[in-house]
Amino acid sequence: MTMTTVKLGTDGPEVGVQGLGCMGMSFAYGPVDADASRATLDRALELGVTLYDTADAYGAGENERFLSPFFRAHRDEVVIATKFALSIPPDDPTRRVIRNDPPYIRQAVEASLKRLDVDVIDLYYMHRRDVNVPVEETVGTMADLVREGKVKHLGLSEVTADELRAAHAVHPIAAVQSEWSLFSRDIEARVVPAARELGVALVPYSPLGRGFLTGAFTNADTDLTADDFRRQQPRFTGDNAAANAALLAPVRAIAESRDATLGQIALAWVHQQATVHGLPVVPIPGTRKPARVEENVTATTITLTEGELDQLAPIAAKVAGDRYADMRFVSAGRE
Ligand SMILES: NC(=O)c1ccc[n+]([C@@H]2O[C@H](COP(=O)([O-])OP(=O)(O)OC[C@H]3O[C@@H](n4cnc5c(N)ncnc54)[C@H](OP(=O)(O)O)[C@@H]3O)[C@@H](O)[C@H]2O)c1
């Protein structure tokens, strides 16, 4: 199987149509396994995955450090995406500190380049919006980094349509990275149409609903370890979790009829939004297991019928609980 490639934004880069989210290899989702993660990276590359997603916030730099040997060994084959803006105070893991000011960005990019041990970052995202800094000022500094050869392309995560338009007027934005899945469709109202109009690609994160859409866990309170980030997310806990697990019935029915897994149907749905909305869509499912990366990549070969899309369409509106405890930090909370 050869994976289709697609351009992120009008100026590239060209990437395999499914990327790999690397966050869980160091952070957020319970116990990590470095050997299995390294095998997953190797298998992904063999399968045509070229876009690898990390951030300075994932394990306070640990994820970038972990990925560095893989990136350096395959520098010409991989597109390295990392992010700045977010930090998590070690003494309070539920808190988020967000900074978009120029001095912060400058020290963040140098620190990421050092940890990654590369000369240039292929795609540099603003991870979260700091509303105290005009987006034009933030993107102006990011554009300076492009001119200085420290980063190649710019991206924004969880921005509103207006923030995207203002940013794109300063410097071309290659990609918006925001949550998009069968359970999280708020960006379709304004962000996706703006991205299509501007020629910006969408990179959906958490396309498997952080694993919930695969059936791998049904209640974060009981199924996941105490430090797992998903225990902070309202939709995966308490009564919401049981109500939301029941919403997977049509996903399960389609999976059974096609001899596919729930996760593959969930991913096929995200990939198909490229056709539905008319823009490049490169989801970055996260896994630390080689067999799962194979399973996930196979989803790029599934095309859902109109009837199947109709069965899946009502799910998102019925989901109980927000995708974050504090929605001000994502686009839907500011639209
Ligand atoms: N921009 C942002 O604000 C933001 C926010 C969140 C995430 N991200 C990025 O997006 C990437 C993906 O999102 P995500 O990791 O949150 O969620 P996701 O891709 O929706 O789901 C990841 C979870 O699903 C499990 N999984 C993956 N494939 C599976 C399969 N075939 N069967 C069963 N379980 C499977 C993984 O477990 P195993 O690892 O154990 O396989 C992991 O627990 C992250 O790695 C990160 O790079 C960005």
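**A glycine in a loop**

Modeller: Start with Gly9, which sits in the loop that joins strand 1 (5-7) to strand 2 (14-16). Keep in mind that this is a predicted model. Is Gly9 buried or exposed? Gly9 has 22 other C-beta atoms within 10 Å. The cut-off for a buried residue is 20 or more, so Gly9 counts as buried.

Now the neighbours. Leaving aside residues up to four places away in sequence, Gly9 touches His153, Pro172, Ile173, Ala174, Ala175, Gly199, Val200 and Ala201. Take Ala201 from that list. Along the sequence, 192 residues separate Gly9 from Ala201. In space, their C-alpha atoms are 5.3 Å apart.

Strand 11 covers 201-205 and is an edge strand. The sheet is open, has seven strands and pairs them in parallel, in the order 3-4-5-8-9-10-11. The other edge is strand 3 (20-21), and each edge strand pairs on one side only. Inside the order, strand 5 (residues 79-84) and strand 8 (residues 121-126) form a parallel pair with four bridges. Within this pair, Ala81 of strand 5 faces Leu123 in strand 8. Such pairing runs through backbone hydrogen bonds.

Next, the ligand. Around it lie 29 residues, of which Gly21, Tyr205, Leu208, Gly211 and Gly286 come nearest. Two of these belong to the edge strands: Gly21 to strand 3 (20-21) and Tyr205 to strand 11 (201-205). Which helix gives the most to the shell? Helix 11 (residues 290-298) does, with three residues. By class, the shell holds 13 polar, nine nonpolar and seven charged residues.

UniProt, in an unreviewed entry, lists residues 19-313 as "domain: NADP-dependent oxidoreductase". That span is 43% helix and 13% strand, and its end C-alpha atoms lie 24 Å apart.

Last, the whole chain. There are 13 helices and eleven strands. The radius of gyration is 19 Å, close to the 20 Å that the globule rule gives for 335 residues, so the chain is as compact as a globular protein of that length. Its C-alpha atoms fill a box of roughly 55 × 40 × 40 Å along the principal axes. Of the 335 residues, 48% count as buried, and Gly9 is one of the buried residues. Among contacts with a separation of 6 or more, 76% come from residues 24 or more positions apart.

Definitions and conventions. Residues are numbered from 1 along each chain as its sequence is written. This is a predicted model: local features need pLDDT of at least 70, side-chain atom pairs count only at pLDDT 80 or more; totals for chains, interfaces and linings use all residues. A residue is near a molecule or strand if its C-beta atom, placed from the backbone, lies within 6 Å of it. Helices (H or I, at least four residues) and strands (E, at least two) are DSSP runs, numbered from the N terminus. Ala, Val, Leu, Ile, Met, Phe, Trp, Tyr, Cys and Pro count as nonpolar, Asp, Glu, Lys and Arg as charged, and the others, Gly among them, as polar. UniProt positions are given in the numbering used here, feature names are shortened, and annotations may be inferred rather than shown by experiment. Two strands pair if DSSP finds at least two bridges between them. The radius of gyration is taken over C-alpha atoms; the globule rule is 2.2 Å times the number of residues to the power 0.38. A residue is buried if 20 or more other C-beta atoms lie within 10 Å of its own, exposed if 12 or fewer, and partly exposed in between; C-beta atoms are placed from the backbone. Two residues are in contact if their C-beta atoms, placed from the backbone, lie within 7 Å.
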